[in-house]
Amino acid sequence: MNGSKFIGPLVSVVIPLYNSEKFIEETLLCVFSQTYKNIEIVLVDDGSVDNTCQVVSQYLDRVTYIKQKNSGPAVARNTGVKNSSGTYIAFLDSDDLWVNSHLERSVSFLENNK
């Protein structure tokens with residue numbers, strides 16, 4: 001799939017946020033650098049009281065951003081899933097990183113092992 005014209009199924013990357021200003025930019029850059037490109041990113045801000053919104057605002061043309069009152073990470077993930085349209089859902093915490101081939105390898109495995 002690397003460098004090819006293969007499109008493949010849409011993957012929704014759901015990232016719950018809570019006071020994530022220190023980490024979310026690096027996490028987003030890691031998702032943007034994935035070798036698998038048919039993705040949507042759904043950020044669910046679970047009532048952050050820091051500058052998470054300001055950090056995310058520079059990426060609003062590339063992500064879906066949902067703000068909700070603080071209800072916990074499980075509710076934030078469920079909100080993300082409800083607002084996703086992908087064939088596959090990938091959860092990523094706001095302070096975690098993937099190697100750049102993570103989604104490509106995951107989709108390849110799923111598509112070849114139905």
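Over which ring does the charged end of Arg 62 sit? The charged end of Arg 62 sits over the ring of Phe 32, 3.7 Å from its centre, where such a placement requires NZ of Lys or CZ of Arg within 6 Å of the ring centre and within 35 degrees of the ring normal. The model shown in these views is predicted, so local features need pLDDT of at least 70 and side-chain atom pairs count only at pLDDT 80 or more, whereas totals for chains, interfaces and linings use all residues. Residues are numbered from 1 along each chain as its sequence is written, and side-chain values use heavy atoms, with hydrogens and water left out.

**View 1. The aromatic pair of Phe 32 and Tyr 59.** A search of the whole structure finds one aromatic pair. The ring centres of Phe 32 and Tyr 59 are 5.6 Å apart and their planes stand at 45°, so the pair is tilted; rings of Phe, Tyr and Trp (its six-membered ring) pair if their centres lie within 6.5 Å, with planes under 30 degrees apart counted as stacked, over 60 as edge-to-face and the rest as tilted. Phe 32 belongs to helix α1 (residues 24–32) and Tyr 59 to the loop between α2 (52–57) and β3 (64–68), so the pair ties together parts that are 27 residues apart in sequence. Here helices (H or I, at least four residues) and strands (E, at least two) are DSSP runs, numbered from the N terminus. Phe 32 counts as buried at 12% relative accessibility, and Tyr 59 counts as buried at 10%, where buried means under 20% relative accessible area, exposed over 50% and partly exposed in between (1.4 Å probe, protein chains only).

**View 2. Helix α3 and its buried residues.** In helix α3 (residues 73–82), Ala 76, Thr 79 and Gly 80 are buried. Seen down the axis of α3, these buried residues fall within an arc of 100°, so they line one face of the helix; the arc is that of the directions from the helix axis to the C-beta atoms. The buried residues of α3 pack against β1, β2 (39–46) and β3, with contact meaning heavy atoms within 4.5 Å.

**View 3. Gly 80 and Ser 84.** Gly 80, in helix α3, is buried with a relative accessible area of 0%. Leaving aside neighbours within four places in sequence, Gly 80 is in contact with Val 14, Val 42 and Val 44. Ser 84, found in the loop between α3 and β4, counts as buried at 18% relative accessibility, and its side chain reaches the backbone oxygen of Gly 80 at 2.6 Å. Not counting residues up to four places away in sequence, Ser 84 touches Ser 12, Val 14, Glu 40, Val 42 and Ile 89.

**View 4. Strand β4 beside strand β1.** Strand β1 (residues 11–17) and β4 pair in the parallel sense over four bridges, where pairing requires that DSSP finds at least two bridges between two strands. Within this pairing, Val 13 stands opposite Ala 90 in β4. Strand β4 (residues 88–91) has a covered face, formed by Tyr 88 and Ala 90, and an uncovered one, formed by Ile 89 and Phe 91.

View 5. The buried residues of helix α4 (residues 102–112) are Leu 103, Glu 104 and Val 107. The buried residues of α4 pack against β1, β2 and β4.

How values were computed
Polar contact = N/O pair within 3.5 Å; in protein donor to acceptor, adjacent residues only side chain to side chain.
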